[in-house]
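Grab a pencil and have the viewer ready. Try each exercise yourself before you read its solution.

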Amino acid sequence: MLDAVADRISIYQPEQPGLIFPEIPKFASFAEEREYRKRHLVAATRAFALHGFDYGFAGHLTVRDPERPELYWTNPMCVRFSDVRMSNLVLADHSGNVVEGRHAINRAGFVLHSAVHDAHPDVMAMCHAHTTYGTAWCATGRPLDMLSQDAACFYGNHAVIGASAGAVAVEKESGLSIAAQIGKYRGVLHQNHGLLTTSRHSIDDAAFWFIALERCCRVQLQVEASGIKPQLLSDKTAQYSLDHVGNDFIGWLHFQTIYNQLVESQPDMFD
Ligand SMILES: [Zn+2]
């Protein structure tokens with residue numbers, strides 16, 4: 001529980017003491033923190049499975065190691081999101097070498113993720129997958145309209161990247177050309193490709209905003225398909241919502257709901 005109101009970083013945290021509410025954990029050792037990050041990385045991949053984000057071997061999620069931030073943990077190549085577990089996670093370096101784990105890593109994943117992690121030392125985690133609605137909206141080459149409070153979480157915090165549009169990122173240069181842009185924003189819509197999210201906070205935060213971004217793309221496609229001209233949020237309202245429900249703590253907080261559900265329903269995550 002929070003000790004004092006002074007500890008509050010979000011208006012969502014209860015002022016009344018003694019109530020059950022998720023707390024960001026504190027760690028006594030790197031080993032503890034590594035265990036936490038790995039568990040939440042597995043949960044993030046399982047959450048992607050629940051949302052139907054699998055597309056063959058495409059899609060990769062990464063989180064830095066707490067002790068050796070030049071290394072990152074990621075999901076194994078050619079393992080369905082629903083089969084990712086603690087024992088098959090892979091620890092890789094920025095040259096694409098597997099430092100720990102038996103599985104190979106995704107070549108495009110390593111190119112993209114290592115370039116972003118390299119260009120932005122403060123980026124903690126990153127997610128990418130080939131989702132249906134994200135891919136569809138990314139074909140338009142347009143940023144999201146501020147259609148809803150949920151879309152406002154990406155107000156001024158997402159970008160469309162046209163460079164290397166539609167070209168698979170397997171060469172190092174392609175990763176470098178877009179990496180500088182990717183880490184600047186919560187969400188990136190890579191034209192003719194798909195969605196990416198990054199977080200300076202946690203894999204929980206990156207994963208939740210990925211799910212949210214896919215949903216925003218779906219909503220926008222549905223609104224456009226209706227043919228009805230939507231009412232948009234004003235800049236002031238979008239900024240207000242961003243300030244209150246669009247920060248990285250809120251992304252982490254949203255994800256705890258999904259994490260707790262997965263802990264109960266999929267205990268094999270931790271094998
Ligand atoms: Zn991709």
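The model is predicted, so local features need pLDDT of at least 70, side-chain atom pairs count only at pLDDT 80 or more, and totals for chains, interfaces and linings use all residues. Residues are numbered from 1 along each chain as its sequence is written.

**Exercise 1.** Compare the span of helix 1 with the expected one.

Step 1: find the helix, at residues 30-50. Helices (H or I, at least four residues) and strands (E, at least two) are DSSP runs, numbered from the N terminus.
Step 2: get the expected span, which is 1.5 Å times one less than the number of residues. Helix 1 has 21 residues, and 30 Å is expected.
Step 3: check the model. From first C-alpha to last, helix 1 reaches 30 Å, close to the expected value.
Step 4: peek past the end, where Gly52 has a positive phi of about 75°.

**Exercise 2.** Is Leu50 buried, partly exposed or exposed?

Step 1: recall the cut-offs. With C-beta atoms placed from the backbone, a residue is buried if 20 or more other C-beta atoms lie within 10 Å of its own, exposed if 12 or fewer, and partly exposed in between.
Step 2: count. Leu50 has 15 other C-beta atoms within 10 Å, so Leu50 is partly exposed.
Step 3: look at the rest of helix 1, whose buried residues include Arg37, Leu41, Val42 and Phe48. Among the elements covering the buried residues of helix 1 are strand 1, strand 5 and helix 6.

**Exercise 3.** Describe how helix 1 packs with helix 6.

Step 1: two packed helices are described by the angle between their axes and the distance between the axes.
Step 2: read off the values. Helix 1 and helix 6 (residues 203-226) pack at about 10°, with axes 9 Å apart. Axes are lines fitted to C-alpha atoms, for helices over the stretch in contact, and angles run from 0 to 180 degrees between N-to-C directions.
Step 3: name the arrangement. The two helices are therefore roughly parallel, a label for angles under 35 degrees.

**Exercise 4.** Which strands pair with strand 5?

Step 1: strands pair if DSSP finds at least two bridges between them.
Step 2: take strand 1 (residues 60-64), joined antiparallel to strand 5 by four bridges. Here Thr62 sits opposite Met126.
Step 3: take strand 8 (residues 194-199), also antiparallel to strand 5, with five bridges. Here Cys127 is partnered by Thr197.
Step 4: Five of the five residues of strand 5 are buried.

Conventions:
Parallel < 35°, antiparallel > 145°, perpendicular 65-115°, else oblique. Contact = placed C-beta atoms within 7 Å.
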